[in-house]
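Have a look at the sequence and the 3D view, then read on.

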Amino acid sequence: MSFFLRSTTAAASAALIGLIAATPVAAENFSGAQRSEIERIVKEYLIEHPEVLQEAMSALEKRQAALEAEKHAKA
């Protein structure tokens, strides 16, 4: 799979995860079957591309470090 396609799919997966996890009201618009299919697609992608999880954790760590630096700068 090309880098562009993998990146696009990763972004779509992240968006779906965010939609389902962060906005329960919007997630309620999906039927049970749709939600199950979304979850299956995301899970399948993450299992096939676990490096996406490492990239996400790296981004989270960078974000947390920036927030900590901002807190220290204000203090």
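What percentage of the 75 residues in the chain is buried? Buried residues make up 13% of them. Here "buried" means under 20% relative accessible area, "exposed" means over 50%, and "partly exposed" is in between (1.4 Å probe, protein chains only).

## Before we start

This is a predicted model, so to speak of local features a pLDDT of at least 70 is needed, while side-chain atom pairs count only at pLDDT 80 or more, and totals for chains, interfaces and linings use all residues. Residues are numbered from 1 along each chain as its sequence is written, and side-chain values use heavy atoms, with hydrogens and water left out.

## The overall layout

The chain has four helices and zero strands. Walk along the sequence and you get the pattern α-α-α-α. Helices (H or I, at least four residues) and strands (E, at least two) are DSSP runs, numbered from the N terminus.

Helix H3 covers residues 32-48, and at 1.5 Å a residue its 17 residues should span 24 Å. The end C-alpha atoms of H3 are 24 Å apart, which agrees. (The expected span is 1.5 Å times one less than the number of residues in the helix.)

Which residues of H3 are buried? They are Ile38, Val42, Tyr45 and Leu46. These four sit on the same side of H3, because they cover an arc of only 100 degrees around the axis. That arc is taken from the directions from the helix axis to the C-beta atoms. Over on the other side of H3, you'll find Gly32, Ala33, Lys43, Ile47 and Glu48 exposed.

## The nonpolar core

The largest nonpolar core has five residues in all: Ile38, Val42, Tyr45, Leu46 and Val52. H3 gives the largest share of this core, four residues. A nonpolar core is a set of buried Ala, Val, Leu, Ile, Met, Phe, Trp, Tyr and Cys residues joined through side-chain atoms within 4.5 Å.

## Charged partners

Side chains of opposite charge can pair when their charged atoms come close. A salt bridge is a side-chain nitrogen of Lys or Arg within 4 Å of a carboxyl oxygen of Asp or Glu, and by this rule the count comes to five.

One of them joins Arg40 and Glu37, at 2.6 Å from N to O. Both lie in H3, three residues apart, about one turn of the helix. Arg40 also forms a salt bridge with Glu44, and here the closest N and O atoms are 2.8 Å apart. Arg40 and Glu44 are four residues apart in H3, again about one turn. Arg40 is partly exposed at 39% relative accessible area, and Glu37 is partly exposed at 37%.

Helix H4 (residues 51-74) holds both Lys74 and Glu70, four residues apart, about one turn of the helix. Their side chains meet in a salt bridge, 3.4 Å from N to O. Lys74 is exposed, with a relative accessible area of 69%, whereas Glu70 is partly exposed at 42%.
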